[in-house]
Amino acid sequence: METLLVNVGGLALMTAIVWWFWLSGSDDTGSSEHQHHH
Amino acid sequence: MTDTPVLQTTLSISGASCQGCAKKIRNALEPLTGDTGLVEVDLENQTVALPEGVDAAEAARIVTETGYPAEPFEEDAQPASCCASGNKSENLAGDDSEDHAVTEESVQSSPESATAADGQVHLSVTGATCASCVNTIEKALMSVSGIHHAHMNLADNTATATGDADPEALVKAVESAGYGASVIEDEDEADDRKQEEDRKQYRSLLVKMAVSLGLGLGLMVWGMGFGTMMVTDANQGTWLGLGVLTLIVMAATGGHFYTGAWKAFRHHNANMDTLIALGTGTAWLYSIVVASVPGALPEMARHVYFEASAMIIGLINLGQALELRAKGKTSEAVRRLLDLRAKTARVIRNGEERDIPVEEVRKGDRIRVRPGEKLPVDGLIAEGSTRIDESMLTGEPMPVSKSEGDGVSAGTLNTHGSIVYEATRVGSETALAQIIKLVKKAQGSKPAIGRLADKISSVFVPTVMLIAVVAALVWYNVGPEPAVVHMMVAATTVLIIACPCALGLATPMSVMVGVGKAAEYGALIRQGDALQTAGKLDLVILDKTGTITEGHPAVTRLHASDGDEKRLLTLAAGLEQHSEHPLAEAILAKAKEKQADPEKVTDFKALNGKGVQGEFESKPLRLGNRRWLESEGVELADLADAARSITEEAGTPLFLALGNEALGVIGVADAIKPDSKAAIQRLHDAGIRVMMVTGDVDATAKAIAKKAGIDDYRAEVLPEDKAEVVSEMRGKGHTVAMVGDGINDAPALAAADVGFAIGTGTDVAIESAGITLMRGSLHGVPDAIEISRATVKNIHQNLFGAFVYNTMGIPVAAGLLYPVWGILMSPILAGAAMSLSSVTVVSNANRLRLFRTSHRPERSDSDPKQQQERN
């Protein structure tokens with residue numbers, strides 16, 4: 001039971017990390033740097 | 001630029017820095033305007049002028065999409081140049097392009113113009129420590145409406161936002177992202193304030209370090225003294241008390257990590273603070289649970305890690321303190337330039353001389369400078385002559401002779417006579433002020449390699465968090481007992497060791513030192529990209545006139561048919577004294593040198609493409625090229641040998657004839673600069689091919705190429721075709737540098753991978769070049785290339801070190817070595833390693849300060865003189 005809880009908790013935490021930092025963030029993660037073209 | 005009245009719609013743009021950019025913009029607007037020729041891109045003022053009737057909003061959208069944030073400029077029916085300079089006119093005193101640097105920067109630093117349509121706001125930012133912070137801050141600034149470009153420089157902790165927004169809103173945005181910010185209004189004041197703040201922060205970090213490390217070490221010693229860090233019934237109360245004490249110390253000495261992490265988290269960001277907060281927080285939480293309810297855990301797992309939390313914070317504070325001190329040293333180049341400024345000026349007003357603060361000097365003021373004094377502003381000498389040490393600006397070691405009418409620059413040292421000069425440029429317009437601003441700007445720019453590091457680190461922190469959870473789960477499921485302890489230790493250690501601060505510092509630190517070093521050698525690097533590319537060059541194309549040669553012709557040979565060279569000169573000078581051609585100057589200079597007084601010649605006429613003609617003793621006197629004289633019936637066969645040897649020596653033969661009698665031939669050549677050959681040899685030594693482009697005829701070009709040791713040349717190339725030669729060589733796969741005097745070579749400079757504008761002192765045209773050489777010497781090119789190579793190498797070392805550290809550190813921290821050798825890294829060691837990695841990166845960048853190029857002229861050391869003056 002404890003093992004199951006810990007593992008499910010860990011997976012939930014990972015999902016939360018992915019969701020919070022990648023999926024739900026409204027701002028784009030790309031660099032806004034101006035590229036110098038020639 | 002032409003001020004055509006039909007061009008009425010204007011856009012203000014940003015980020016267009018070269019002819020290539022201008023071309024892109026013109027092409028992008030073609031569908032709207034129907035003809036690229038109708039679009040004028042003014043790189044100097046960052047404006048685009050469009051024909052009447054074009055939808056400005058649509059044009060702005062197109063240009064923005066092309067990569068140059070643009071918006072319509074609110075101004076009526078004014079020519080583009082007026083519009084663009086509308087809010088900057090005070091600084092557009094001179095007409096040379098270098099004023100651009102001042103104009104642009106002064107908009108940035110002036111509070112009134114901070115909200116102008118294309119205004120830039122400079123912010124001083126505190127609390128940013130790593131690449132992720134850079135991303136967070138840039139994103140926060142970009143989120144403010146009206147801002148279309150934001151750039152954060154970690155090396156000097158400043159941020160620049162471009163667009164139309166209230167500076168206070170920008171400060172708030174940065175603050176809500178978890179950092180401190182204030183608007184920089186006065187650059188000088190900001191520099192002083194920053195130094196003071198750095199000193200304060202350094203002391204504060206050291207105190208915090210002492211407190212947290214003291215507690216951590218104390219706990220460790222205490223725990224060992226009692227023989228255990230395990231919680232038992234007997235010591236549970238004590239550990240609980242110590243847990244609370246640790247929490248207080250953590251909050252007091254590492255509070256900034258927790259608030260920073262929380263603020264970043266709220267904005268869906270993660271940075272170095274996040275990792276430290278999570279790592280130390282996990283260790284403390286676990287320990288307090290153990291201390292509160294030891295019974296809930298198996299006996300083996302009742303270990304506390306309070307000392308780890310305290311020590312990690314202590315070590316990271318120590319690392320940041322060391323880093324701060326090393327950062328201060330990297331900006332020394334700029335500080336040295338700032339120190340060149342004179343504080344007062346001796347101004348002559350109404351016939352009265354008095355010392356006034358340099359800020360109060362106005363244009364047109366007459367200023368007296370005595371020997372040993374620094375010049376306070378730029379100007380033209382009105383009285384007296386002297387020798388001026390310009391080494392601080394140009395790197396040129398020998399003092400330069402100056403007399404009435406010559407231009408002088410602020411910050412240079414009057415070594416010899418007393419002079420009076422008239423101020424032409426004051427305050428932020430002086431060459432010195434421009435150089436300081438250019439260097440600062442370039443130091444903050446990121447080369448492509450640095451942008452890559454930023455991108456990586458923006459996804460790095462959340463990835464590390466995932467790895468930490470995975471490591472914890474693996475330890476829990478398949479690790480040995482006590483599994484709970486192992487999973488906690490592994491997760492904490494991964495979080496702590498993975499901080500990307502070294503990664504974030506790797507590039508900006510080296511760029512800052514490299515750009516400063518180049519400035520020391522008189523090479524002003526405008527963009528980080530130029531710094532990176534200069535190291536990869538394999539072909540350098542040199543313009544001839546003014547680059548390889550002196551740029552002003554001189555008489556190299558006199559051959560009189562009757563052997564009377566003096567008579568030849570007196571007659572030629574008699575003709576040429578009426579002419580303003582450079583060749584005439586050369587002949588007159590020679591006549592003066594030989595004390596040959598010019599004869600009186602009447603009826604002077606200059607015949608374009610042929611020569612000059614006058615009348616002497618009732619006969620026509622002609623000086624010109626062979627074809628013309630022969631067509632006039634002059635027999636020149638006897639002079640053919642002399643003429644050939646002149647051509648072979650890269651000179652131009654000018655024949656003189658009185659009536660039909662050939663009097664002789666004068667060789668005029670643009671002499672090769674004394675150090676050109678050595679500089680070209682240095683390029684060869686660096687494995688770079690050297691090519692020359694010139695408008696000269698083949699024979700002359702060949703002779704110069706041979707004399708200067710050039711591999712290849714293109715003769716009879718028109719200025720506008722030079723860019724094509726550059727493009728052709730780039731097309732063949734070369735990484736090409738173009739070196740030119742920056743005015744007629746502008747298109748070629750822009751077309752090259754790196755453009756070097758070569759110019760003496762303040763008369764540089766920097767617009768199209770990535771690198772401007774302040775000295776006339778070609779040695780600046782190999783100098784800049786060597787510095788660039790050293791800097792790029794340094795960046796690579798730093799990035800390699802940072803990547804290796806992280807890629808090796810994380811698996812070790814996760815416990816990958818445990819199955820083989822039974823090694824599991826302690827979180828304390830991870831904290832020390834993390835601090836060490838940033839200190840290593842910063843120290844390695846500082847190593848660049850010791851770099852010397854392969855050519856070092858004997859410098860007249862200006863420091864003792866300055867010292868003397870201060871005393």
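Trainee: Why is Glu520(B) called partly exposed?

Mentor: The relative accessible area of Glu520(B) is 27%. Buried means under 20%, exposed over 50% and partly exposed in between, with a 1.4 Å probe and protein chains only. Glu520(B), at 27%, is therefore partly exposed. This is a predicted model, in which local features need pLDDT of at least 70, side-chain atom pairs count only at pLDDT 80 or more, and totals for chains, interfaces and linings use all residues. Residues are numbered from 1 along each chain as its sequence is written, chains are lettered from A and ligands numbered from 1 in the order in which they are written, and side-chain values use heavy atoms, with hydrogens and water left out.

Trainee: What makes the contact of Lys517(B) and Glu520(B) a salt bridge?

Mentor: The N to O distance between their side chains is 3.3 Å. A salt bridge requires a side-chain nitrogen of Lys or Arg within 4 Å of a carboxyl oxygen of Asp or Glu, so the pair qualifies. The two residues are three residues apart in helix H16 (501–520) of chain B, and are therefore separated by about one helical turn. Helices (H or I, at least four residues) and strands (E, at least two) are DSSP runs, numbered from the N terminus. Lys517(B) has a relative accessible area of 4% and is therefore buried.

Trainee: How do you know that Arg682(B) and Asp783(B) form a salt bridge?

Mentor: Their closest N and O atoms are 2.8 Å apart, and they form a salt bridge. Arg682(B) and Asp783(B) are both buried.

Trainee: Where do Arg349(B) and Asp365(B) lie?

Mentor: The side chains of Arg349(B) and Asp365(B) meet in a salt bridge at 2.7 Å, N to O. Arg349(B) lies in strand E9 of chain B, while Asp365(B) lies in the loop between E10 and strand E11 (366–369) of chain B; the pair, 16 residues apart, links distant parts of the chain. Arg349(B), with a relative accessible area of 16%, is buried, and Asp365(B), at 8%, also counts as buried. Elsewhere, Arg346(B), Glu353(B), Asp355(B) and Arg368(B) form a network of salt bridges. Over all chains the structure holds 20 salt bridges.

Trainee: Why is strand E7 of chain B described as largely enclosed?

Mentor: Six of the six residues of strand E7 (158–163) are buried, so the rest of the structure largely encloses this strand. In a regular strand the side chains alternate between the two faces of the sheet. In E7(B) one side carries Thr158(B), Thr160(B) and Thr162(B), and the other carries Ala159(B), Ala161(B) and Gly163(B); all are buried, which covers both faces.

Trainee: How do you know that strand E5 of chain B and E7(B) pair?

Mentor: Two strands pair if DSSP finds at least two bridges between them. Strand E5 (120–126) and E7(B) have five bridges, in the antiparallel sense, and His122(B) has Thr160(B) as its bridge partner in E7(B). Strand E6 (147–153) of chain B is joined to E7(B) by six bridges and also runs antiparallel to it. Met152(B) stands opposite Ala159(B) in E7(B). E6(B) and E7(B) form a hairpin with four residues between them, and Asn157(B) in the turn has a positive phi of about 55°.

Trainee: What is the phi of Asn350(B)?

Mentor: Most residues other than glycine have a negative phi. Asn350(B), which is not a glycine, has a positive phi near 55°. This residue lies in the loop between strand E9 (344–349) and strand E10 (352–357) of chain B, and its relative accessible area of 81% makes Asn350(B) exposed. Asp603(B) likewise has a positive phi, about 50°, but is placed in strand E21 (602–607) of chain B. At 54% relative accessibility, Asp603(B) counts as exposed.

Trainee: What is the share of buried residues in chain A?

Mentor: Of the 38 residues in chain A, 26% are buried. The secondary structure of chain A consists of one helix and zero strands.
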